[in-house]
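This briefing covers a ligand site and some helix contacts. The sequence and structure come first.

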Amino acid sequence: MSGADNVVWLGTPAFPEAARGALADTRLRANLRRATGTIRDKRLAVAAELEDWEELRETAAAIKRHTLRHLDHHLLRLEKAVTAAGGTVHWAADAAEANRIVTGLVEATGEGEVVKVKSMATQEIGLNEALAEAGIRAYETDLAELIVQLGGDRPSHILVPAIHRGRSEIREIFRRQMGQWGRPAPEGLTDDPRDLAEAARLHLREKFLRAKVAVSGANFAAADTGTVVVVESEGNGRMCLTLPETLITVMGIEKVLPSFADLDVFLQLLPRSSTGERMNPYTSLWTGVTEGDGPQDFHLVLLDNGRTATLADEVGRQALNCIRCSACLNVCPVYERTGGHAYGSVYPGPIGAVLTPQLVGVENAASLPFASTLCGACYDACPVKINIPEVLAHLRAEAVEAGRRDRLLPTTEALAMKAAAAVLSSPKRLATAQRIAALGARLVARDGRIGFLPGPLARWSATRDAPAPARESMRAWWRRTRTTRRDESRTTAEGKEAR
Ligand code: SF4
């Protein structure tokens, strides 16, 4: 399996091309603007309620930094604690191994279907597709994930995967597709949110009551107690985590926390940063297996899939601190306009732009680090203080370097940069270039403005104009006026001396 195959969907068009289509979709942009704006305002309001918000962010970042520095140690502690509590831990180096493990575990139960709690890790490895190949049907139970699955669609937001869908679209998807997957949508279904939620509830209920196996992700796992945590808003996750006999959790290795007490920090930060709530409605915690209570067979699959390689990068490793709150998506001006599909990965937005290239190799996702204005809003919003602009700049340098290595001939941009370096390193050459550029610009200017530039510069001027340059450059003006004044004052001083 190549690096690019480790995370599903890569290989869709590069970001600029994929974004072009999204930018032309006015309905998508309106949906995104409304949804991200609402969550953004709620997040700001609830974060402002906590006087120690900044201290909480600092503490969370410090805990994550410490955990990553001693990741092997904490993972072994977690394995020991989960095993002692009656669970079984599996280690998966990549997507293929994780899929093999989960498929084997489901097959061992003799079941042909599983219910799923929303999980980015299982999307990352393409688990549903792998299960389908083995003849096992996976049912998504998170409402937004259900909409995505029924619509044969892809998630476009970490927290609200169907953020790109409006209510009437959802009604159509339910009416057309629910019957293919189980209980059909009620007759006369409207696009009222309550009606849509009730249709989903009825559709899912029969699956919860029938399911013998569930697959989940995990938000956190405490290494000292072996406790695994899932936070969610609907309670569908709670049904998956408690009703079936077998529970299989797939968790990225970076989700481990040294101790149960660390949850105190993260359970304050996560709901406020993700849904703008003080506390999320459902927080499920379980430790191994408890006789007579919940699943009696628990498996924890610890997934690497590029994370160890990411850990080796001193600048890039901070992307592993992410707690998937999606605050960075909701403040990102690029995400708000393009939506999540343009990123070609389960991880969209600013965090996707820094995480995906590291998980799959920069050369396989070279356009993503450039999918940002570097405005820094993501860094300000991130509850664990990931310096996303710093990682973006770092990965851009890597992408340029990788491109240079793979190319026999230099690009136009590389040649232009070389020429610029030669001009800017010599005052004489700079003055000559300025004179030539000013003359050329004045030739193409109309009414004092440049609206068109020839050749490769035409792409720049196609969307903007600029004032025509002054007849005289700043440097020329300085030389002319200051030199004359200096000469005059020198002459006056010499005259005084002579007298
Ligand atoms: S990078 Fe930060 S803001 Fe973005 S999803 Fe991760 S934790 Fe949240």
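Ala, Val, Leu, Ile, Met, Phe, Trp, Tyr, Cys and Pro count here as nonpolar, Asp, Glu, Lys and Arg as charged, and the others, Gly among them, as polar. The model is predicted: local features need pLDDT of at least 70, side-chain atom pairs count only at pLDDT 80 or more, and totals for chains, interfaces and linings use all residues. Residues are numbered from 1 along each chain as its sequence is written, and side-chain values use heavy atoms, with hydrogens and water left out.

**Ligand site**
- The ligand is surrounded by 13 residues (a heavy atom within 4 Å of it), and the closest are C322, C325, S326, C328 and C382.
- This shell holds 11 nonpolar, 1 polar and 1 charged residues.

**Helix α3 with helix α12**
- Helices are DSSP runs (H or I, at least four residues) numbered from the N terminus.
- The axes of α3 (residues 53-69) and α12 (residues 263-274) come within 10 Å and cross at roughly 115°; axes are lines fitted to C-alpha atoms over the stretch in contact, with angles from 0 to 180 degrees between N-to-C directions.
- W53, L56, R57, T59, A60, I63 and K64 of α3 make the contact with V265, F266, Q268, L269, R272 and S273 of α12 (heavy atoms within 4.5 Å).
- By class, these residues are 7 nonpolar, 3 polar and 3 charged.

**Helix α2 with helix α12**
- The axes of α2 (residues 26-48) and α12 come within 7 Å, crossing at roughly 145°.
- From α2, I39, R43, V46 and A47 meet R272, S273 and S274 of α12.
- That contact has 3 nonpolar, 2 polar and 2 charged residues.

Note on methods
Helix = DSSP H or I, 4+ residues; strand = E, 2+ residues; numbered from the N terminus.
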